[in-house]
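Here is a short report on one protein chain. Look over the sequence and the structure first, then read on.

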Amino acid sequence: MTPGSSAEKPAGTASAGPGNSFVWTRRHLLGLEDLSAEELLYIFRTAENLQEISTRSVKKAPALRGRVMVNLFFEDSTRTRMSFTLAAQRLAADVLDFSAARSSVTKGESLRDTVRNIEAMGVDTFIIRHPAAGAPHAVAQYSRCCVINAGDGQHEHPTQGLIDIFTIRERKGRIEGLNVVIVGDIAHSRVARSNFWGLTRLGARVTFVGPTTLVPRAFERLGARISHDLDEALKDADVVNMLRIQRERMTSQEFPSTEEYVRLFGLTRERLARAKPDILVMHPGPINRGVELASDVADGPNSSILRQVSNGLAIRMAVLFLVNQANSQDGAGPPG
Ligand code: CP
């Protein structure tokens, strides 16, 4: 299986940088915590190869023709759901869309029964977003399909982590030795966790910044720096990744007021002016403009926010391609 025409370099067999002998073997992508540097770089190399498809007049390659992907979303999404759909379509796969609120989950059907019934229709890949940490891992235990975690509770959002790291590498030319500051609601953020695992595996230094209530000190034991002073943390930052306050996951009031949060942790033009001139400003979206990020910073010259979204397509094409290729090779294959 190759991602493009026969004249193209097969992404699944291309060198990932570390060496030509590397072979991708995972049929699930559940998180970045257990991915090696070699695997991360291999996904990036595959994504770089696949980017070309999106520049063609007919933006399609037959790499996953005949395969069926299912968006199994139990939480709302704009970017992740749409870019997985488009990524699958670019590789000529068929896509089924499931939304919990319009499904038989509302009648009491369990996740397991939902998965087993959809699987019985002859599908190949589940892309799962679920409010419970570990839900995609559970599905991977009992399903013959590939499973991609599209965000599980406060645990991981691996493709968003890959997108962010890929974008940093594209803009800065490297990851090793960079100072990456991640600001905001770290406690509830699966994006923060996936970024942390991937960035540190590739040699970046990660500093988490936010109110004491939203930055768990446990991250220090894992090698992160913790700060509650954004101005201080920005002094040597190469990248600042701003996160949304996830009020939907909070059970109590974690800071006195939005005004105080903006004063201490909002990224404004004035604050940015004191950072390195080439600092990269990131946000995984959705943005609460005027809270974590001022509008003129979100849309300003340092911002890579829309580039992150564009890169999401290539990263998700790469992940879909690699897990399906591994599933074909280990004989698990599609049912039927
Ligand atoms: N970044 C992200 O996961 O966005 P969505 O919730 O819109 O998918």
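## The whole chain

Of the 336 residues in the chain, 57% count as buried. Keep in mind that this is a predicted model. The chain holds 12 helices and 10 strands.

Now for its dimensions. The C-alpha trace spans about 60 × 50 × 40 Å along its principal axes. The radius of gyration is 20 Å, which agrees with a compact globule, because a globule of 336 residues would have a value near 20 Å.

## Contacts and surface

Take the contacts between residues at least 6 apart in sequence: 74% of them join residues at least 24 apart. The chain exposes about 14000 Å². Carbon and sulfur atoms supply 50% of that area.

Strand E5 pairs with strand E1 (residues 28-29) in the parallel sense, over 2 bridges. Here His28 stands opposite Val147 of E5. Strand E4 (residues 125-130) also runs parallel to E5, and 5 bridges join the two. Phe126 has Val147 in E5 as its bridge partner. Val147 therefore faces both His28 and Phe126, given how strands pair through bridges.

## A β-α-β unit

What do E4, helix H4 and E5 make together? They make a right-handed β-α-β unit. Helix H4 in this unit consists of residues 135-142.

Key: Residues are numbered from 1 along each chain as its sequence is written. This is a predicted model: local features need pLDDT of at least 70, side-chain atom pairs count only at pLDDT 80 or more; totals for chains, interfaces and linings use all residues. Side-chain values use heavy atoms; hydrogens and water are left out. Helices (H or I, at least four residues) and strands (E, at least two) are DSSP runs, numbered from the N terminus. A crossover is right-handed if, with the strands pointing away from the viewer, the path from the first strand over the helix to the second runs clockwise. The radius of gyration is taken over C-alpha atoms; the globule rule is 2.2 Å times the number of residues to the power 0.38. Buried means under 20% relative accessible area, exposed over 50%, partly exposed in between (1.4 Å probe, protein chains only). Contact means heavy atoms within 4.5 Å. Accessible areas come from the Shrake-Rupley method with a 1.4 Å probe; for residues, only the protein chains shown count as cover.
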